[in-house]
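Student: I would like to learn how to read salt bridges and pockets. Where do we begin?

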Amino acid sequence: MIKWIFLLFLGTSALSYELQKEYFFTDHTIVSTDVFPQIGKRFELVRIPSDKLLFRLDANVVAKTFELNGVKIETGKVRFVTFVKKSPIDVTSLKIQLARFLTERYPAIEIEGISVIPRGYVEALPPEANAVFDASCALNGSGTFYVVDANGLRRYFDYSVEATLPVLHTTRKVSRKEVLNGMNTVQKAIPFDSFRDVPLSSMPQNAQRFRASLKPYTPLTIRHIEKMPLVLKNDNIVVEVRNGTVVLELIATATQEGGLYDIITIQKRDGKRSRAKVIGEKRVELQ
């Protein structure tokens, strides 16, 4: 029995309470359980004046108040704690707009939950508030967007999304200029957390290749791939030679690769080299 009491005491004393930078309140009297709901003791921390919607307190003062009441907390890197009055607004429509924004870009995304919290106190929003999302919102599971209120002011909101997204991964080490295909990639669902560029949720319709060598199991984004050139080095190509209204065709070898309208070097059957403009797949026009 003594052993179990000792273990219970040890587990309780080992609990770590770490202070956060921001807390929301509805009652202007802030108590210990508003900051740490799981704490055993309930005591007053501060009384915020009734006309204040935002109140900042030194983190060391908060920690000292807890210490005087027999509770040790960690301040970490927090220098000040900000108490913000909870806004009396319904953010359901904003959540719906964010979900629509993400599903339009990623039809296969599986959204489990969305949190939207205003920055600061927001008294009210227009009946049909339109959220404005920038490009970073499509790449991150947490961030910020804004709504323009009735006075033309921007009201910012922090959001976080719990979701998974199927993304193509390399199955092995791939080399630069290697063709992207079903043999060197596999689709795996991963948390929608943070991406440096738009993730590839499925195989592109047009032929693509890797821009650089990649390690196995690398999640792919659009920056990892590029379109296949219309002409590849050593391709046998059709060369158009124009003389007025007459068009002649001959076969040559590309000594360079190139995309549409690129100027490349070709080698004719007699070994001579010339410059030509790419005008189609394995087709160039002599310059």
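Tutor: With a definition: a salt bridge is a side-chain nitrogen of Lys or Arg within 4 Å of a carboxyl oxygen of Asp or Glu. The model shown here is predicted.

Student: How many salt bridges does the structure hold?

Tutor: The structure holds 15 salt bridges. In one of them, aspartate 158 pairs with arginine 119, and the closest N and O atoms are 2.8 Å apart. This pair links distant parts of the chain, 39 residues apart: aspartate 158 is in strand 9, and arginine 119 is in the loop between strand 6 and strand 7.

Student: Which residue does glutamate 257 meet in a salt bridge?

Tutor: Glutamate 257 meets lysine 177, at 3.7 Å from N to O. Each of the two lies in a loop, glutamate 257 between strand 14 and strand 15 and lysine 177 between strand 9 and strand 10, so the pair ties together parts that are 80 residues apart in sequence. Lysine 177 and glutamate 257 also belong to one network, joined with Arg209, Arg211 and Glu226 by salt bridges that share partners.

Student: Is glutamate 240 buried or exposed?

Tutor: Buried means under 20% relative accessible area. Glutamate 240 has 10%, so glutamate 240 counts as buried. Its side chain meets that of arginine 242 in a salt bridge of 3.3 Å, N to O.

Student: And how do I read a pocket?

Tutor: Rolling a probe the size of a water molecule over the atoms shows where empty space is left. Here, the second largest pocket has a volume of about 180 Å³. Its lining includes Ile190, Phe195, Arg196 and His224. The lining residues divide into 4 nonpolar, 3 polar and 3 charged.

Technical notes: Residues are numbered from 1 along each chain as its sequence is written. This is a predicted model: local features need pLDDT of at least 70, side-chain atom pairs count only at pLDDT 80 or more; totals for chains, interfaces and linings use all residues. Side-chain values use heavy atoms; hydrogens and water are left out. On a 1 Å grid over the protein atoms alone, a cavity is a set of points where a 1.4 Å probe fits but cannot get out, and a pocket is an open set with protein on both sides within 12 Å along at least five of seven lines; lining residues have an atom within 4 Å of a point. Grid points are joined across faces, edges and corners, and a volume is the space filled by probe spheres set on the points. Ala, Val, Leu, Ile, Met, Phe, Trp, Tyr, Cys and Pro count as nonpolar, Asp, Glu, Lys and Arg as charged, and the others, Gly among them, as polar. Helices (H or I, at least four residues) and strands (E, at least two) are DSSP runs, numbered from the N terminus. Buried means under 20% relative accessible area, exposed over 50%, partly exposed in between (1.4 Å probe, protein chains only).
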